[in-house]
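Please view the sequence and the model together while reading.

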Amino acid sequence: TTAHEVSALVMQMCNGGLWKAAAKSLMLRVGVCGFAGCDVARDGMEKASKRAHKLMACDATNLKLVHSLCEWPEDVEAVWQGCSKPIGDGDGKRPPPVFLPPHRVLQFLEALVYESPEEVQQEEVKLSPLAPFADSTQDLAWHLGPDKTLWHVRPSGRRRLRGLWLELALQIFKRMDCIPQEMDLFFECKASQLEAKAKRSKTKDTSSASGRLQQAAAQPQSSASFVLRLPTLKAWLKNDYFAKLKCCTFGQFRVIVKTMLQCDIPDEALRERIFDICPVHEGDEKAELRAIADLGAALLAYTDHGLWSSALSVVAKRLLPAGAARNLALANLPSAFAKVDRERRGVLAPGDALELLEQLAVPGLSCDDLAMLLHKDLGLQVPRGELNKYFTLMDVNGDGVMQSEEFVQMLRFLMLDYFPRHLIRYINLSMKQICLFILVVLLLIGLLFFLVTLVVNVFKGGNDDKVRAVLHGGFSGVFGVMGKRLSDQGIGFEDTMANLEVKLEALLVDAMVPVLGLSKPMLDAFRQLIASANDAM
């Protein structure tokens, strides 16, 4: 007899249906209530957890082993009896074998997952979408009821889920960064749910009929033995699991560091230099748990008492007074931190962090600081309106302060643009007078070159010496007198050039005093310096 013949015989005997062991194997393979036989209420938490681990490790095609490990509780047996049907009449001593017809397989699975219409109140229940902004339209079919139970809304109607079975809970744990994908958590939560249910039954108020009705209304809907209610899972995670957590996975540790501490350490360094070097938690078969105390010590060793960006912002808020300077420092902190953190560790050493805080505290000169510097330290008198104009013009990045490179450019702008115009305005020379003076100088220079050329040509022509002498003397005398008179008229001074130079120096010194804002001692020292220079010459 071949295996094909045996399979054909079995299919003929069961009429294409599934017997109980085959149904258990199918449930394990599709991940729908395959661990329903691991009953905490019947076997206890430890025994149910060990049985679930054996089922997870066994071969789902080994029907004998699966059937022996997965002993269904009464509620699953009741669903099986309602969906299956016997084949044949039996032998009189034993009942006929029961099989699940192929067309009832989906009905059987739905009966395990959903509550029957008889178990749900018939009145209309107001539902709210579980994910109203989901990307997939299939996710929009899931809703929450008033008692926080899950509902599946389909075109054929809406059905309420019994709860979360083990395979579904593990998929949820896998998607959450804060929970390890461990079956033991499911059974611990299930045991907590049974304990809470027992306490409620002991403390039930039976004093009056109204009290009993209020208790019944407040009590959550009963669930199957193999599922967890979503509100129960949330409450257990918040009040029991996280409150007593002593070890965590890498995903949990990453959430703690990235989200809670807001420490932007690279994931590679977080995994290799912090998480992996810690010893594996005792009893962790998957080697994905680490003790929180060990992780804290490894994190402290990695940071070496340094600070990360968000920690620096907290320190800056406490050290710097409230105002524009602190707001500017906090705004520049991320970019400045990235420049200092050249190794991309996400953490700065204490010395680098202190230097960065000093740099952020004094990013440059404000307009008031610049005015004080020019007036007190450099002795330059610049009107506040002009200073504000040049400050705004030179503040290229618009941060409200003047950095070193911007300060140098501003001083150059003042020396080349403001002070020359201010000197001209103080000497009381108009632009027309300056242009006329330059034009006269250019004409005199041109006339000089013309005369020189004429004299050279006359000397080359070979004329008489007397003619050359007369021309030379006449031209020299006439143009010398004309040049002097024109220059005297232009400057309004008729005296020797030496006296003119002395007077111009005096005028220039008098004009510079109010512009540069020199004090009396500084002015005397400056005049003595000019006098000593003239004596030396």
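Is Asp 264 buried or exposed? Asp 264 is exposed, its relative accessible area being 59%; buried means under 20% relative accessible area, exposed over 50%, and partly exposed in between (1.4 Å probe, protein chains only).

The model is predicted, so local features need pLDDT of at least 70 and side-chain atom pairs count only at pLDDT 80 or more, while totals for chains, interfaces and linings use all residues. Residues are numbered from 1 along each chain as its sequence is written, and side-chain values use heavy atoms, with hydrogens and water left out.

**Salt bridges**

The whole structure holds 10 salt bridges, each defined as a side-chain nitrogen of Lys or Arg within 4 Å of a carboxyl oxygen of Asp or Glu. Three of these pairs are tabulated here.

| Pair | N to O distance |
|---|---|
| Glu 115 and Arg 160 | 2.8 Å |
| Asp 267 and Arg 254 | 3.1 Å |
| Lys 258 and Asp 264 | 3.3 Å |

Glu 115 and Arg 160 are both buried. Glu 115 lies in the loop between helix H7 (105–113) and strand S3 (128–129), whereas Arg 160 belongs to strand S6 (residues 157–160), 45 residues apart. Helices (H or I, at least four residues) and strands (E, at least two) are DSSP runs numbered from the N terminus.

Asp 267 is partly exposed at 33% relative accessibility, and Arg 254 is partly exposed at 32%. A network of salt bridges links Arg 254, Lys 258, Asp 264 and Asp 267.

**Cavity and pocket**

On a 1 Å grid over the protein atoms alone, a cavity is a set of points where a 1.4 Å probe fits but cannot get out; a pocket is an open set with protein on both sides within 12 Å along at least five of seven lines, and lining residues have an atom within 4 Å of a point. Grid points are joined across faces, edges and corners, and a volume is the space filled by probe spheres set on the points.

There are 3 cavities of 30 Å³ or more. The second largest cavity has a volume of about 60 Å³ and is lined by 13 residues, with Phe 35, Ala 36, Cys 38, Phe 186 and Phe 226 nearest its centre.

The second largest pocket has a volume of about 680 Å³. Its lining comprises 25 residues, and those closest to its centre are Glu 182, Asp 184, Leu 185, Glu 188 and Leu 289.
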